[in-house]
Amino acid sequence: MSDATLHSAPPPAAAPNEAMEIRFRGGGFVAKPHRWMAPIVFVVLIAFIEIGTRSGFISSLTLPRPSDVLATLVQLYKSGQLFEHLVPSLTRLAVGASLGAIVGISVGVMIGLFSYVRAGLVPLVAAIFPIPKIALLPLFVIWFGIDESSKYALIAFGTFTPTVVATYGAVDNVDRSLIRMGQSFGLSWFSIVRKIVLPGAMPGILSGLRISLAIAIILLVAAEMLGAQHGIGAYILEAGSLYDLERLFAGVVILSLLGVITSGAIGLIERRVLGWRT
Amino acid sequence: MDIRLDGISHYYGETEVLRDITLDVPSGQIVCLVGPSGCGKSTLLRFIGGLERPTKGAVLQMGQPPEGCLNPLTYVFQDFALLPWRSVRGNISLVLEDHGIRGAKADKIIADVLARTKLSDFAKALPKQLSGGMKQRVAIARALAVNPAVMLMDEPLSALDSQTRELLMDDLIALWDRQPFTAVYVTHNLNEAVRLGHKIVVLSRRPGAIREVVEIDRPLTERSFADADLERTQKHLWTLMREEARAADEELLDV
């Protein structure tokens with residue numbers, strides 16, 4: 001629709017026998033890549049805020065000046081504080097998310113393969129999916145202690161449910177005719193799972209992982225806001241309570257970048273692993 | 001190794017789909033099953049390969065499969081059933097890996113079947129790069145790799161356009177001529193049946209029962225594109241099926 005072009009005014013009615021070119025009406029409705037569009041939107045938006053805050057029609061209480069946010073980021077990097085916050089955050093994210101994803105994929109595959117497991121666990125997963133996991137943090141603190149392990153558990157638990165749902169959906173969607181082919185050639189059950197079901201479920205699992213990792217970043221910040229010395233969440237919370245908008249936004253920018261990087265990483269894996277897709 | 005179908009009847013719930021089918025598939029021959037759509041011919045094929053069980057009757061294997069036969073009853077499917085994430089070579093090695101055949105021994109088998117199906121140059125290609133006819137040739141190569149005693153072909157050419165179908169029929173005849181194989185060939189295309197079948201079994205509409213068995217003595221290699229005798233046989237088959245095909249077409253599905 002975005003590609004709809006304005007057609008010139010309809011040609012004047014032609015004489016009965018005159019040759020006339022057929023009007024083209026097949027355009028639009030196709031997504032085309034426009035690489036330069038995203039940077040333009042970013043640049044225009046940031047430039048608008050920069051000009052707005054400089055000229056004063058956006059008050060400094062509403063939004064910080066983008067150049068100041070950048071300066072804060074540079075300063076954060078130079079003082080070494082950036083890594084002081086980034087390293088613990090990334091560790092929590094990596095440990096929690098991989099734990100949740102691994103357990104989630106395993107449970108999802110089991111649900112997809114065994115009808116007893118499906119009957120038993122699908123309602124359970126549906127029951128725990130809508131629970132806001134942050135509400136359970138106090139409980140996790142009691143179960144796993146105040147230190148890192150309760151944060152790992154929270155992030156793992158949050159990534160677990162969407163991963164399970166995506167994985168068993170993906171296993172269900174594996175082409176049955178391929179499984180039947182495997183059986184007809186006398187492949188063992190284990191071979192069918194490893195060589196047909198798992199690769200066939202890969203596209204669905206990876207697109208589920210995209211969502212799970214975004215949720216993991218959200219939970220990471222939430223966990224750090226509730227109790228951590230270091231970490232991006234703690235940094236943002238501290239900045240917020242001092243109403244230091246530059247630092248708050250610097251933290252938010254780091255989170256956005258983290259999201260873009262994880263999504264890009266999954267895109268890269270998809271391109272490598274799923275090159276067979278048409 | 002021969003196959004005998006012994007009094008097979010089958011029900012889906014209350015619906016009788018097959019009635020008392022008794023049939024011999026002698027080794028070295030291609031037996032074609034034809035019939036109106038929904039007569040249960042594909043179901044019958046799934047019984048023969050052990051993918052489904054009939055309500056009554058049994059499929060018997062007469063004698064032992066020949067030496068070196070990895071998967072005696074091997075299917076060729078209408079939709080090819082190739083793994084899209086494996087190359088042509090990988091798709092064939094898939095069915096060898098489970099028999100512990102890897103490395104040089106597997107390479108030898110794969111090279112042989114690819115040569116027989118004229119695919120030697122495409123070993124590294126992915127299925128998405130291949131045309132429909134090529135995909136089915138890969139599936140046939142994969143079936144040949146396990147050295148089957150009986151090939152079970154479920155409308156193998158139905159997803160292809162008519163020119164590709166002609167070419168593949170020639171390929172199948174050449175393959176059979178080089179090394180006669182046993183096959184049960186399900187099709188709704190009567191032309192395929194008279195070109196490839198030594199024995200053509202006409203099934204009636206649901207419940208599917210054997211209406212007539214037509215034998216064609218002429219060797220496969222001598223059956224050409226528009227042969228008058230074959231045309232006559234094909235016409236005879238069509239008169240047998242015509243009314244039933246119409247009735248089957250007008251039937252409401254309540255599945």
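These questions and answers walk through a predicted model with chains A and B.

Residues are numbered from 1 along each chain as its sequence is written, while chains are lettered from A and ligands numbered from 1 in the order in which they are written. In this predicted model local features need pLDDT of at least 70 and side-chain atom pairs count only at pLDDT 80 or more, but totals for chains, interfaces and linings use all residues.

Reader: Which helix gives the most to the side of chain A that touches chain B?
Author: Contact here means C-beta atoms, placed from the backbone, within 7 Å. By that rule, 16 residues of chain A are in contact with 17 residues of chain B. Helices H7 (176–184) and H8 (189–226) of chain A each supply at least two residues of that side of chain A. With six residues, the one that gives the most is H7(A).

Reader: What radius of gyration does chain B have?
Author: The radius is taken over C-alpha atoms, and the globule rule is 2.2 Å times the number of residues to the power 0.38. For 255 residues, that rule puts a compact globule near 18 Å. Chain B agrees with it, at 18 Å.

Reader: How far apart are the centres of the two domains of chain B?
Author: The bounds come from an automatic or database domain assignment. Domain 1 of chain B covers 2–66 + 150–250, and domain 2 covers 81–148. Taken over C-alpha atoms, their centres are separated by 26 Å.

Reader: Which element gives the most to the side of domain 1 of chain B that touches domain 2 of chain B?
Author: The contact takes ten residues from domain 1 of chain B and seven residues from domain 2 of chain B. On the domain 1 side, strand S6 (150–154) and helix H5 (162–178) of chain B each supply at least two residues. The most, five residues, comes from H5(B).

Reader: How many residues has the largest nonpolar core?
Author: A nonpolar core is a set of buried Ala, Val, Leu, Ile, Met, Phe, Trp, Tyr and Cys residues joined through C-beta atoms within 7 Å. Buried means 20 or more other C-beta atoms within 10 Å of the residue's own, exposed means 12 or fewer, and partly exposed lies in between, with C-beta atoms placed from the backbone. A:Ile155, B:Cys32 and B:Val184 have the most contacts inside the largest core, whose residues number 117.

Reader: What is the bridge partner of B:Lys199 in S9(B)?
Author: Strands pair if DSSP finds at least two bridges between them. Strand S8 (residues 199–203) and strand S9 (residues 210–215) of chain B run antiparallel, joined by five bridges. They form a hairpin with six residues between them. In S9(B), B:Lys199 is partnered by B:Glu215.

Reader: Is A:Tyr243 buried or exposed?
Author: A:Tyr243 lies in the loop between helix H9 (232–241) and helix H10 (245–273) of chain A. Its phi is near 50°, a positive value in a residue other than glycine. Because A:Tyr243 has 9 C-beta neighbours inside 10 Å, A:Tyr243 counts as exposed.

Reader: Where is B:Asp20 found?
Author: Phi of B:Asp20 is near 45°, a positive value in a residue other than glycine. B:Asp20 has 14 C-beta neighbours inside 10 Å, so B:Asp20 counts as partly exposed. In chain B, B:Asp20 is found in strand S2 (residues 15–25).

Technical notes: Contact = placed C-beta atoms within 7 Å. Helix = DSSP H or I, 4+ residues; strand = E, 2+ residues; numbered from the N terminus.
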